[in-house]
Amino acid sequence: MKTEEIKQKILDNLCYMIAKNPKTATDRDWFQALSYVLREQLTERWMATMDSYYKQDTKRVYYLSLEFLMGRTLVKGMLNLGIYEQCCIALKELGVSAENIVELEPDPALGNGGLGRLAACFLDSMATLSLPGYGYGIRYEYGMFYQRLHDGFQHEQPDNWLRYCNPWEFARSEVLYHIHFGGHVVEYEDDAGKKHYNWKDADDVMAMAYDTPIAGYNTPTVNNMRLWSAKSSRDFDLQHFNDGNYLKAVEEKNYSENLSKVLYPNDATDVGRELRLRQEYFFVSASVQDIIRRYLLDHNDIKGLAAKVAIQMNDTHPALAVPELMRILLDRFNLNWHEAWDITVQVFAYTNHTLLPEALETWSVGLFERLLPRHLLIIYDINHQLMKEVSYKYPGDMDILQRMSIIGEEGDKHIRMSHLAIVGSHKVNGVAQLHTHLMKITIFNDFDHFTPDKIINKTNGITPRRWLYEANPALTKLIGNHVDKNWVTNLSLLKGLIPLAEDAEFIAEFQAIKLDNKQKLAAYIKENLEITVNPNSMFDVQVKRMHEYKRQLLNLLYVITVYNRIRANPDQDIVPRTVIFAGKAAPGYELAKLIIKLIHSVADIVNHDPIIRDRLKVVFIPNYDVSNALRIIPAADLSEQISTAGMEASGTGNMKLALNGALTIGTLDGANVEIKEEVGEDNIFIFGLTVDGVTELREQGYDSWEYYHANPELKQVLDMISSGYFYHDNADLFNPIVNSLINGNDYFMLLADYADYVSCQDRVNELYRQPTEWTRKAILNVANMGKFSSDRTISEYAEEIWNVQPVKVL
């Protein structure tokens with residue numbers, strides 16, 4: 001499309017779609033008008049893509065995820081369609097600021113952190129690689145939450161991202177499915193003596209589809225993301241209304257539609273846990289019904305389903321899809337158990353994202369019995385078959401039966417969703433080499449021995465289209481001037497930058513781009529947080545979900561250490577540092593929320609101390625989302641990836657930051673291990689206990705109290721926190737944090753790693769004093785990130801798990 005054509009289409013949309021003229025149009029009107037230009041282009045390719053899939057009868061991939069952290073679509077769409085510059089010129093000629101209208105687009109609040117962002121990267125790569133892939137999730141009306149901070153305390157507010165409508169989605173009011181809850185199961189036999197089950201007297205909720213086109217880069221392929229919105233089967237009770245009971249008249253509608261209101265309702269209460277289980281079943285039931293409907297459009301025999309359908313479960317949230325498919329095959333299509341089970345296992349694959357036992361989802365049998373009685377019977381039958389097979393292989397071994405059972409007997413009887421997902425899948429994958437190894441030798445060791453080839457590795461990746469091409473235009477242009485421009489879809493071509501790490505002119509250009517990105521972030525911080533930071537200081541960045549194992553607290557302990565060192569010797573020559581945090585804490589995670597408050601309290605003291613000046617600043621950027629990530633990541637000098645070894649499955653923030661020229665300080669955890677292998681051990685800062693070291697220390701009887709008393713700097717820091725130094729209004733406020741480290745014996749081993757972390761940060765400071773050498777290593781990080789493209793990851797899934805091929809759009 002040429003500029004004049006785009007300009008005319010914008011004006012046409014303004015007139016005919018929005019009913020405005022240029023004189024009365026607001027920036028939001030212009031945003032909508034431009035969005036419809038892109039939507040028209042996407043829709044043409046979308047229809048051609050879907051038509052090609054049907055004509056070629058291709059096998060399709062369905063990616064089931066409770067989260068899709070998609071980010072804004074406008075800029076990404078213009079870049080993918082190759083019309084970014086033309087659109088910007090067209091807007092300028094119309095007297096409209098492209099920068100202003102881009103900022104009006106809300107981030108779709110459909111995810112929380114890495115899980116949802118990974119799902120978004122995977123959809124991007126499937127489309128770019130021309131693979132027939134669909135995303136399925138929930139269209140949350142309010143998403144996770146909008147994080148606001150008052151006096152440093154996190155407050156959750158609804159994130160009304162749909163307030164001004166979403167120009168990218170298409171409501172499919174005709175695509176509706178009944179989702180059942182409650183009731184009871186009637187068992188009966190037919191004349192041939194075969195058992196049948198009838199799920200009766202259940203309550204209904206309707207699932208309605210909303211479709212969003214997902215465009216690939218420089219390809220005609222446009223795939224589909226289908227999200228489900230809950231609708232009541234009975235919108236309005238006129239009798240109650242006529243009786244004057246107006247609240248009762250809409251009670252059922254409101255109760256039903258709560259299912260798709262909010263991502264991850266607080267599950268600290270029984271009501272919250274029930275709502276979350278309802279959400280999970282709602283989305284998988286609608287998705288599985290829709291997948292079968294699509295299959296039956298061109299196929300008559302349900303027994304051929306596995307040849308045309310691959311379903312990937314992103315974590316355990318969609319694990320109910322296993323008994324749901326079994327229910328449909330058994331009760332609707334009347335297959336026998338073995339036929340149904342063989343199809344189910346061939347269809348499903350499962351991605352595990354955590355090694356933390358407390359993060360492995362379980363549901364009480366009592367809740368299942370009340371909400372999903374038919375599925376409970378099916379899970380019992382699946383478990384019965386499993387236990388029979390395990391007992392054949394390990395006769396008389398009651399311990400392994402107990403460990404592998406889908407039904408957990410310890411405490412309240414419960415269902416282990418990870419076990420259900422493993423048993424119901426033909427492949428199970430970890431998301432980094434270390435993570436997969438630990439899966440095999442720890443939490444899923446029994447399953448690995450039972451089916452040795454089932455658990456495999458698929459190291460995570462990120463889409464370079466979002467995380468470099470869009471995020472860092474200046475660096476993108478510099479790279480494009482020196483390497484093959486196809487690097488956007490073949491990230492390994494960045495290795496062409498390796499010789500340029502020794503080129504003085506290239507180093508200078510690279511440094512200028514980094515400084516410009518830092519100046520832009522500094523201006524944003526000044527405008528939005530009223531904190532002045534020095535762009536020439538080291539930007540030390542830790543941006544991720546707030547959790548104890550990610551150890552934002554360890555970073556903060558170092559910040560206080562530096563503060564104390566400057567206070568003790570104000571005249572010392574110190575490397576200026578701006579420490580930037582961002583991330584949300586789950587609403588019910590009180591200690592993580594208290595750590596956010598501590599960060600703010602430390603920042604309040606440090607940032608206002610005249611002795612410190614601009615040598616140390618602490619910043620917490622609220623409401624971390626994709627848009628904020630795109631601001632922060634290109635400006636980072638140092639990437640904090642400091643989780644307790646063995647607890648981070650992979651991480652993708654480490655990849656995004658390194659791809660944009662940040663050096664990593666981290667433990668040998670998750671994908672850090674593979675980043676070290678790719679960039680070279682001289683170009684990364686590694687510290688702390690290894691996985692084996694953590695295990696050995698626990699077995700020896702780790703005593704954090706000894707570390708507290710043995711290190712004077714550490715003791716001073718913790719005593720300051722517990723004494724109320726950082727919050728005079730309530731001296732005891734942060735005692736739970738200090739108690740968790742000393743009296744709680746520091747489960748995440750911050751005190752054990754503190755000294756090595758501080759020593760490693762000293763090495764960071766030494767290198768930062770050598771800007772040419774620092775930049776050389778930063779360039780080598782960018783050059784060696786080819787492995788971490790999600791295109792590589794998805795290609796491996798397609799070949800080794802899904803058995804799908806690229807499809808040419810006709």
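These legends describe an overview and several close-up views of one predicted protein model.

The model is predicted: local features need pLDDT of at least 70, side-chain atom pairs count only at pLDDT 80 or more, and totals for chains, interfaces and linings use all residues. Residues are numbered from 1 along each chain as its sequence is written, and side-chain values use heavy atoms, with hydrogens and water left out.

**View 1. The whole protein.** The fold holds 33 helices and 22 strands. Helices (H or I, at least four residues) and strands (E, at least two) are DSSP runs, numbered from the N terminus. The C-alpha trace spans about 95 × 75 × 65 Å along its principal axes. Of the 810 residues, 60% count as buried. Buried means under 20% relative accessible area, exposed over 50%, and partly exposed in between (1.4 Å probe, protein chains only). The accessible surface comes to about 31700 Å², and carbon and sulfur atoms hold 49% of that area. Areas come from the Shrake-Rupley method with a 1.4 Å probe; for residues, only the protein chains shown count as cover. Among contacts (heavy atoms within 4.5 Å) between residues at least 6 apart in sequence, 76% join residues at least 24 apart.

View 2. Strand β20 covers residues 638-641. Both of its faces are covered. L638 and E640 are buried on one side, S639 and Q641 on the other. Two strands pair if DSSP finds at least two bridges between them. β20 pairs with strand β17 (residues 538-543) in the parallel sense over 2 bridges. Here L638 is the bridge partner of D540. β20 also pairs in the parallel sense with strand β21 (residues 663-666), over 4 bridges. Q641 stands opposite G666 of β21.

**View 3. The open sheet around R416.** 3 strands form an open antiparallel sheet in the order β12-β14-β13. β12 (362-364) and β13 (407-408) are the edge strands, each pairing on one side only. β12 runs antiparallel to β14 (residues 414-416), with 3 bridges between them. R416 in β14 is the bridge partner of T362. The two residues lie 54 apart along the chain, yet their C-alpha atoms are separated by 4.8 Å. R416 counts as buried at 12% relative accessibility. Beyond its neighbours within four places in sequence, R416 contacts residues including E361, Q402, M404, I407 and E410.

**View 4. T476 in helix α20.** T476 lies in helix α20 (residues 473-480). T476 is buried, with a relative accessible area of 10%. Not counting residues up to four places away in sequence, T476 touches L468, Y469 and W487.

**View 5. Helix α32.** This helix has 13 residues (771-783) and reaches 18 Å from its first C-alpha to its last. That is close to the 18 Å expected at 1.5 Å a residue. The expected span is 1.5 Å times one less than the number of residues. α32 is mostly covered, with 10 of its 13 residues buried. Among them are W774, R776, K777, I779 and L780.
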